[in-house]
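Please look over the sequence and the model shown here before reading the briefing.

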Amino acid sequence: MAEDESQASSQADKVVLRLKPLPNTPIIKNSKFYVDKTRKVSWLLQWLKQNLKCEANESVFVYIQQAFCPAPDQTMDNLCEMYGAGNNSLIISYSKQPAFG
């Protein structure tokens, strides 16, 4: 019972990220995962660069609701509260090229 409660409380401190590639962008194998609510967009950008095997001079762009780029200092919790898809879930599109403007 205590294990169930600790697991539920640990998931309460997390946001479910669902990553969607835009056209001409490599697909990440694990596109759904849990991250701490306190993680920032800058962390996600670095993580995507590593997983997409980007060169040092390449950029990665992320979009909320396929419309705008969040600021690098935004937290996942803040974005989830404003633009979440329900159930503490946030859908983020990513690309190696600017896509929306």
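The briefing below moves from the overall fold to individual residues.

This is a predicted model, in which local features need pLDDT of at least 70 and side-chain atom pairs count only at pLDDT 80 or more, while totals for chains, interfaces and linings use all residues. Residues are numbered from 1 along each chain as its sequence is written, and side-chain values use heavy atoms, with hydrogens and water left out. The protein chain holds 3 helices and 4 strands, where helices (H or I, at least four residues) and strands (E, at least two) are DSSP runs numbered from the N terminus. Read from the N terminus on, its elements follow the order α-β-β-α-β-α-β.

**Confidence**

- The mean pLDDT of the protein chain (the predictor's confidence in each residue, from 0 to 100) is 88, and 88% of its residues reach 70 or more.
- Within the protein chain, helix H2 has the highest confidence, with a mean of 96, whereas helix H1 (residues 2-12) has the lowest, with a mean of 53.

**Overall packing**

- Of the 101 residues in the protein chain, 29% are buried; buried means under 20% relative accessible area, exposed means over 50%, and partly exposed lies in between (1.4 Å probe, protein chains only).
- Among contacts in the protein chain with a separation of 6 or more, 62% come from residues 24 or more positions apart.

**The sheet**

- The 4 strands form an open sheet in the order E2-E1-E4-E3, with mixed pairing, and two strands are taken to pair if DSSP finds at least two bridges between them.
- Strand E2 (32-36) and strand E3 (61-64) are at the edges, each with a single partner strand, so one side of each has no neighbour in the sheet.
- From one strand to the next, the twist averages 40°.
- Strand E1 (residues 14-21) and E2 run antiparallel and are joined by 5 bridges; valine 15 has valine 35 in E2 as its bridge partner, and arginine 18 stands opposite lysine 32 in E2.
- Helix H3 (residues 76-83) lies across E1, E2, E3 and E4 and runs at about 105° to E4, with axes fitted as lines to C-alpha atoms, for helices over the stretch in contact, and angles running from 0 to 180 degrees between N-to-C directions.

- Phenylalanine 33 counts as buried because its relative accessible area is 12%.
- The whole structure contains 2 aromatic pairs, defined for rings of Phe, Tyr and Trp (its six-membered ring) with centres within 6.5 Å, where planes under 30 degrees apart count as stacked, over 60 as edge-to-face and the rest as tilted.
- Phenylalanine 33 and tryptophan 47 form a tilted aromatic pair, at 4.8 Å centre to centre and with 40° between the planes.
- This pair links distant parts of the chain, since phenylalanine 33 is in strand E2 and tryptophan 47 is in helix H2 (residues 41-51), 14 residues apart.

**Serine 89 and serine 95 in strand E4**

- Serine 89 lies in strand E4 and is buried, with a relative accessible area of 6%.
- The side chains of serine 89 and arginine 18 are joined by a polar contact of 3.1 Å; a polar contact is a pair of N or O atoms within 3.5 Å, where within protein one must be able to donate a hydrogen and the other to accept it, and residues adjacent in sequence count only if both atoms are side-chain atoms.
- Leaving aside residues up to four places away in sequence, serine 89 touches Val16, Arg18, Cys80 and Gly84.
- Serine 95 is also placed in strand E4 (residues 89-95), and its relative accessibility of 4% is why serine 95 counts as buried.
- A polar atom of the serine 95 side chain lies 2.8 Å from the backbone oxygen of glutamine 97.
- Not counting residues up to four places away in sequence, serine 95 touches Leu22, Thr25, Ser59, Val60 and Phe61.

**Threonine 25**

- Threonine 25 is in the loop between E1 and E2 and, at 10% relative accessibility, counts as buried.
- A polar atom of the threonine 25 side chain lies 3.1 Å from the backbone oxygen of leucine 22.
- With residues up to four places away in sequence not counted, threonine 25 touches Tyr94, Ser95 and Lys96.
- The C-alpha atoms of threonine 25 and tyrosine 94 are separated by 7.8 Å, although these residues are 69 residues apart along the chain.

Notes: Contact means heavy atoms within 4.5 Å.
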